[in-house]
Amino acid sequence: MADDAGDFARSMGIATSGLRAQAGRMRVISENIANADSTGQTPGGDPYRRKVPTFTSTLDRALDARTVALGRVKPDTSAFQLKYEPTNPAADATGNVKYPNVNSVIEMTDMRAAQRSYEANLNVISATRRMIQRTLDILKS
């Protein structure tokens with residue numbers, strides 16, 4: 001029975017780490033979406049640069065299990081979008097304005113995937129809690 005308790009704790013710990021990682025991923029994606037239409041602060045200046053979340057795997061010694069965490073958030077080095085808008089205060093000498101390298105369709109697709117992963121981890125936690133409750137009910141009878 002003690003081993004079962006460890007398995008339950010391990011399942012909950014792994015799923016919880018997944019929840020935290022996906023929540024961090026959603027925060028980064030939300031920031032990208034919020035800045036998708038921003039421009040540089042000065043004429044010809046660089047706008048917001050898209051950020052890309054990464055994940056790391058770590059060993060949780062207390063659980064004796066591998067868990068996941070949000071790793072470094074890296075800048076996307078792809079080119080900025082250029083639009084000819086000579087009247088825009090952010091336009092350079094040729095009338096071009098740099099816009100972020102954020103594609104809203106990609107961000108929304110990434111957000112949907114992060115939400116699904118979050119929900120899957122939440123389902124693991126819910127199922128584990130139900131199993132714990134059933135085990136306790138069996139032990140009571």
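A salt bridge is taken as a side-chain nitrogen of Lys or Arg within 4 Å of a carboxyl oxygen of Asp or Glu. The model is predicted, so that local features need pLDDT of at least 70 and side-chain atom pairs count only at pLDDT 80 or more, whereas totals for chains, interfaces and linings use all residues. Residues are numbered from 1 along each chain as its sequence is written, and side-chain values use heavy atoms, without hydrogens and water.

Six salt bridges are found in the whole structure. One of them joins D46 to K98, with the closest N and O atoms 2.8 Å apart. The two residues are 52 residues apart, D46 in the loop between helix 1 (2-34) and strand 1 (51-60) and K98 in strand 4 (residues 96-99); helices (H or I, at least four residues) and strands (E, at least two) are DSSP runs, numbered from the N terminus.

R50 pairs with D76 in a salt bridge (3.1 Å, N to O). This links the loop between helix 1 and strand 1 to the loop between strand 2 (65-75) and strand 3 (81-84). Both R50 and D76 are buried (under 20% relative accessible area; exposed is over 50%, partly exposed in between; 1.4 Å probe, protein chains only). A salt bridge also forms between R50 and D110 (3.4 Å, N to O). D110 lies in helix 2, so this pair ties together parts that are 60 residues apart in sequence. Salt bridges with shared partners join R50, D76, E107 and D110 into one network.

E107 is among the buried residues of helix 2, as are M111 and A114, whereas D110 is partly exposed at 24%.
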